[in-house]
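Subject: Structure to look at, with notes

Hello,

Please find below the structure that I promised to hand over.

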Amino acid sequence: MVGEAHSIWKGKMMRDVKRVVIVGGVAGGASAAARARRLSEEAEIVMFERGEHISFANCGMPYYIGDVITDRERLLVETPAAMRKRYRIDVRTRTEVVGIDRENKRVLAKNLSDSREEWVKYDALILSPGAMPIRPAGFDSKLVFTLRNIADMDAIRRQIDERHVRRVLVIGGGHIGLEMAEAIRERDADVVLVELSRQVMSTMDAEMTEPIRRQLEIHGVDLRLGVSVDRIEEVEGRGLTATLSDGKKVECDMAILSIGVRPEVSLAKEAGLTIGELGGLWWMSICGRAIRTFTRWGMRWRWNILWEEGR
Ligand SMILES: Cc1cc2nc3c(=O)[nH]c(=O)nc-3n(C[C@H](O)[C@H](O)[C@H](O)COP(=O)(O)OP(=O)(O)OC[C@H]3O[C@@H](n4cnc5c(N)ncnc54)[C@H](O)[C@@H]3O)c2cc1C
């Protein structure tokens, strides 16, 4: 599938794509931009990113919070300026694509600094909008944090540094929850880790997770398995009180919500593109129009690309 997507991409790039527009500038978007440049010296490549940063090392963020990585700059793999210089890519950060006009092959880009909107035409469009952390209703306190990008990371670290956080509730015992539990223990704060299933890392066989559970205990994590957080309330001047499904209460200074992600598909939906069974972008090829979404879960990385061309 990789080979097929690449060869179609390559053939088309060489033929008639004058401008490639990319939505999203992190792992998927920035890799696609660099690849597009390698395939065509001539094409104009415009990459839109809603946030301030592109191509950062997401996997390092918990370690910066834990003060294991101390140099924040090391997480910024590529800067907009470096990408402009090295690949001649027109990187537009703090700019959100708010609409796709497939009929006229153009996107509506909104500059989030001054709210100005502009239509930008494309010959090929790549959607790589990623996925956002799930935040259920009622978990909207500013003391309940999620971790997806550099801004989230800075906010969590600032909270720990400036508010002298002593006790943190981590909700969800998957990859990010475990990494955050470790990071917070590195900062000498107590951790209560609540996980709905009867084991951490619910995607693994139970016996495989036993050594992880042991390590959590050795490192002083207060692990609560088989319970959920039903309610979380801010207590004026005293942090948060969470009510668990077993009726117990947990008091903490802040909480990290890491219960999974939801694909960002609203833009694609509004443009009438197909959404797959699992809620992500879908690929299809109809009558000379090729729309492809490439999703790969192995090795814990995901890359959703939607490529539209050839009307
Ligand atoms: C804390 C943490 C640790 C991780 N650790 C690992 C690890 O160790 N190993 C590993 O393989 N993976 C890890 N991952 C997962 C990995 O980071 C993701 O799989 C990867 O970032 C996905 O890249 P992406 O480009 O598809 O999506 P994202 O990183 O979500 O990037 C999509 C970007 O698109 C932007 N965007 C969305 N819609 C629009 C729009 N309409 N206009 C403009 N911009 C838009 C968003 O702002 C976002 O920045 C980790 C993730 C996190 C959060």
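Predicted model: local features only at pLDDT ≥ 70, side-chain atom pairs only at ≥ 80, totals over all residues.

Residues are numbered from 1 along each chain as its sequence is written.

The protein chain has eight helices and 20 strands, where helices (H or I, at least four residues) and strands (E, at least two) are DSSP runs numbered from the N terminus. Of its 311 residues, 35% count as buried, and a residue is buried if 20 or more other C-beta atoms, placed from the backbone, lie within 10 Å of its own.

Helix α6 covers residues 175-186 and reaches 17 Å from its first C-alpha to its last, close to the 16 Å expected, the expected span being 1.5 Å times one less than the number of residues. Because nine of its twelve residues are buried, α6 is largely enclosed by the rest of the structure. Among the buried ones are I176, L178, M180 and I184, and what covers the buried residues of α6 includes α3 (61-65), β10 (167-171) and α7 (206-218). Just after α6, D188 takes a positive phi of about 65°.

The largest nonpolar core has 72 residues, and those with the most contacts inside it are V168, L169 and A255; such a core is a set of buried Ala, Val, Leu, Ile, Met, Phe, Trp, Tyr and Cys residues joined through C-beta atoms within 7 Å. The largest share of this core, six residues, comes from α6. A255 touches V168 and L169, and also others including L143 and I232, not counting residues up to four places away in sequence, where contact means that the C-beta atoms, placed from the backbone, lie within 7 Å.

Around the ligand there are 31 residues, of which G24, V26, N58, C59 and G130 come nearest; a residue is near a molecule if its C-beta atom, placed from the backbone, lies within 6 Å of it. The largest share of this shell, three residues, comes from α2. Domain 1 (2-130 + 264-309) and domain 2 (134-257) both give residues to the shell around the ligand, so the ligand lies between them, with the domain bounds coming from an automatic or database domain assignment.

Best wishes

Notes
Contact = placed C-beta atoms within 7 Å.
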